[in-house]
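Welcome! Here is a short briefing to read with the sequence and the 3D view open beside you.

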Amino acid sequence: MASEDSNIFKALESQSEAAEPMSTRERWMAWIDLWIIAPARIMWIDRRTRIGSIIVALYLLTGSVGVWLTEEPELNEASPLRGPFPGGIIPGGQESWLVVQDTTLLGLTVPWPTLNYVFGTNNTGQDIFELLVHATPPMLEMALVGGIATTLIGVVVGTFAGYKGGRIERLLMTATDIQMAVPGLPLLIVLAVAIEPQEPWVVGLLLSVDAWAGLSRSLHSQVLALRSESYVEASRVLGLGEVSILRDDILPNIMPFIMINFMGNTIRVIAASVGLYFLGVLPYTTANWGVMTQNAYSNGAMLSAGTWHWLFLPIFAISLLGYGIIMISQGMDRVFNPRVRARQSSTSEGGEAVAAME
Amino acid sequence: MNYYLKRGLQALFTLWAVLTITFVLTRWMPGGPVDFLRAQMIAGNVGPASGEVTVQDPAGSEQFDDLARRYVNVVPSAPIHEQYFTWMKATLTGDLGRSISFSKPVEAVVVPAIPWTLFLGTVGIITSFVVRVVIGAVLAYREGSWLDFGGSTALLWIQSVPFFLIGLGLLYVTAYQWGWFPLGGRVNPDATPGINWPYVAGVLNHAALPVFSLAMASFGSGAIAMRANSIQELGKDYLRVAQLRGINLRRVTTLYVARNAILPMYTGMLIQLGYIFSGAILIETIFNYKGLGFYLFRGIQARDYPLMMAVFILITVSIVIAMFVADVTYGWVDPRVKRDSESY
């Protein structure tokens, strides 16, 4: 029954395509325009998302190219506890934090800048700048995996409970309530001590255990309201499958909310992982900003005014990433607003039609 | 069904579920308490004098059963339902096992710490609630002004720093460098405990930074939410009617707008309570404040599972109770929820 109906829709679809033929290339262009170029333009127009995107892009660049450009931090590279910006803020001389030397690149001699302990060193003579850079990729991996996992669990549980109703709803929502009552951090600590996760993505997955309940609860009530909308009812009467109703009718409505929540979840994963590393619950396998802060805290950075860089630079690295993500999510609602998006997409037909209407 | 009865049953059910989860974690988590005790017994660190123990796997032996019973209330070789009832009965009667690192009953370690964490938690919640309501409301009334712009930007900055790192920064600057506050601890060691000014002042002085840092845990996002709620409320028709009737402006702002804008914030407190108790672990560790969280941290450091699981249970139970209280009082603050029992 359901498959017959969808055949009718396919037939209708192919008719409209016949009337207005579109090559694969054109379709790709339209898709790219609608989903990549237009959102990117809106994000650039909004001041908050522009700042946020620049910051996050900086971190992505550091995590990919930066790791390749800077050396691995080593013990006793330089004298311990050197202050930041040796040789003064304005670079100059051989002892300065920025030295430009000639190197051969592809057979040409070009000047190449080298950073020397620009953020100073810690108590074991490690370059703090190199530590910060090399801690970036694991942190990004952790935040991404944790954010996606949390959001996925929350969306599946919340949407399914809200749409299905009945016994399944009660079961899932009870599970959600219990999860909300279990304190997040203590549970994570007990699990982390027992499991001892090594890989960043495993840490990300572990951290998603405690955070999904809030999202699933609020999605549950939103889907509950959407369920009785007339167009959803129409799809149900037509006999469309549950999965296609959830995917085509329900999800697009709650997508902005989900995306903003995803950003929030990545921030939460970052903060929680830093907390766990600070408590010494997670094994120190890679360079990490939380481990750096913990090191500074327990090895005497608190005692002297001259060691502020050791303590505050990792904190600053954590906070700036959080700030960038918050700024993007603050302006995100505009990206998802169909009117704003239509105004920004130029090549796709639908965009022009809506823009003309306004 | 009666609103209070329903909420009470719900709380009891949650409590049971949480305790059962804790039992499952204690008994079967790989590398968890029972596994750990077995490993310790093989190594000869706990249990009878090392000469009596064979180096083979002691699981199933009477000695191991006795040891596990004493430390984590589990008898590993008994049938599952019996293990469950033994554990449940012991936990509900207040026997939380025996701490490995302090070598005394866990209750003796953690119970004296409970009031201190409650003190930090409640004062932290109240401070954060009041401050963010006031700041959010002020920003909303000055919407679009420079004050609003600067305030909102600052709030976003505060929101992006994890609260315990704010605490750490404050400790470094105000306590270690400027010497305004003590470096850690709960009380002034020279004062005699009781209601006298030196002692009370010492308690307040020691609690100031931890409370402030805990309040920061949800301050930024909360103030932003309050600002948004107030702005939404300010645009409502009933306000114009009130103004047209010539009602005093102050009365309108405090009685009408504030009350309606605060309501949604009150629900947020349910979630926040959990955050505060969880946050206490980090804050108490940083400030060396001997509350529940501090002992959880000590438990982690020494791999003292009985202590860890006991604090886990205590924090969970306090959260369930606090959520129940918040739920019940919410029905009293906003009578609408009692009628519409499905909205939650």
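Into which domains is chain A divided? Chain A has domain 1 (1-46 + 336-358), domain 2 (50-81 + 124-330) and domain 3 (85-118), with bounds taken from an automatic or database domain assignment. Please keep in mind that this is a predicted model, where local features need pLDDT of at least 70, side-chain atom pairs count only at pLDDT 80 or more, and totals for chains, interfaces and linings use all residues. Residues are numbered from 1 along each chain as its sequence is written, chains are lettered from A and ligands numbered from 1 in the order in which they are written, and side-chain values use heavy atoms, leaving out hydrogens and water.

**Where domains 2 and 3 of chain A meet**

- The C-alpha centres of domain 2 and domain 3 of chain A are 37 Å apart.
- Five residues from domain 2 of chain A and four residues from domain 3 of chain A take part in the contact (heavy atoms within 4.5 Å).
- Together, these two domains of chain A bury about 380 Å², with 73% of it on carbon and sulfur atoms; buried area is the accessible area (1.4 Å probe) that two parts lose on being put together, summed over both.
- On the side of domain 2 of chain A, 72% of the area buried against domain 3 of chain A comes from A:Ala78, A:Asp127 and A:Phe129, more than any other three residues supply.
- Between domain 2 and domain 3 of chain A, the count of salt bridges is zero (a salt bridge is a side-chain nitrogen of Lys or Arg within 4 Å of a carboxyl oxygen of Asp or Glu).

**A nonpolar patch on chain A**

- A:Trp28, A:Trp31, A:Ile32, A:Leu34, A:Trp35, A:Ile36 and A:Ile37 make up a nonpolar surface patch with about 680 Å² of accessible area together (Shrake-Rupley method, 1.4 Å probe, with only the protein chains shown counting as cover for residues).
- Such patches take residues with over 30% relative accessible area and no salt bridge; like charges are joined within 9 Å, and nonpolar side chains (Val, Leu, Ile, Met, Phe, Trp, Tyr) within 5 Å.
- You can find A:Trp35 in helix H2 (residues 24-45) of chain A; helices (H or I, at least four residues) and strands (E, at least two) are DSSP runs, numbered from the N terminus.
- A:Trp35 counts as partly exposed because its relative accessibility is 45% (buried is under 20%, exposed over 50%, partly exposed in between, with a 1.4 Å probe and protein chains only).

**Salt bridges**

- Over all chains, the count comes to five salt bridges.
- A:Arg217 and A:Asp177 meet through their side chains at 2.5 Å, N to O. A:Arg217 belongs to helix H9 (residues 212-227) and A:Asp177 to helix H6 (residues 166-181) of chain A, 40 residues apart.
- A:Arg217 is buried at 17% relative accessible area, and A:Asp177 is buried at 17% too.
- B:Asp148 pairs with B:Arg227 in a salt bridge, with the closest N and O atoms 2.8 Å apart. B:Asp148 sits in helix H7 (residues 146-160) and B:Arg227 in helix H10 (residues 219-234) of chain B, so this pair ties together parts 79 residues apart in sequence.

**Chain B as a whole**

- Chain B contains 15 helices and two strands, and 48% of its 344 residues count as buried.
- In helix H13 (residues 292-301) of chain B, eight of the 10 residues are buried, among them B:Phe294 and B:Tyr295.
- Just after H13(B), B:Arg303 has a positive phi of about 50 degrees.
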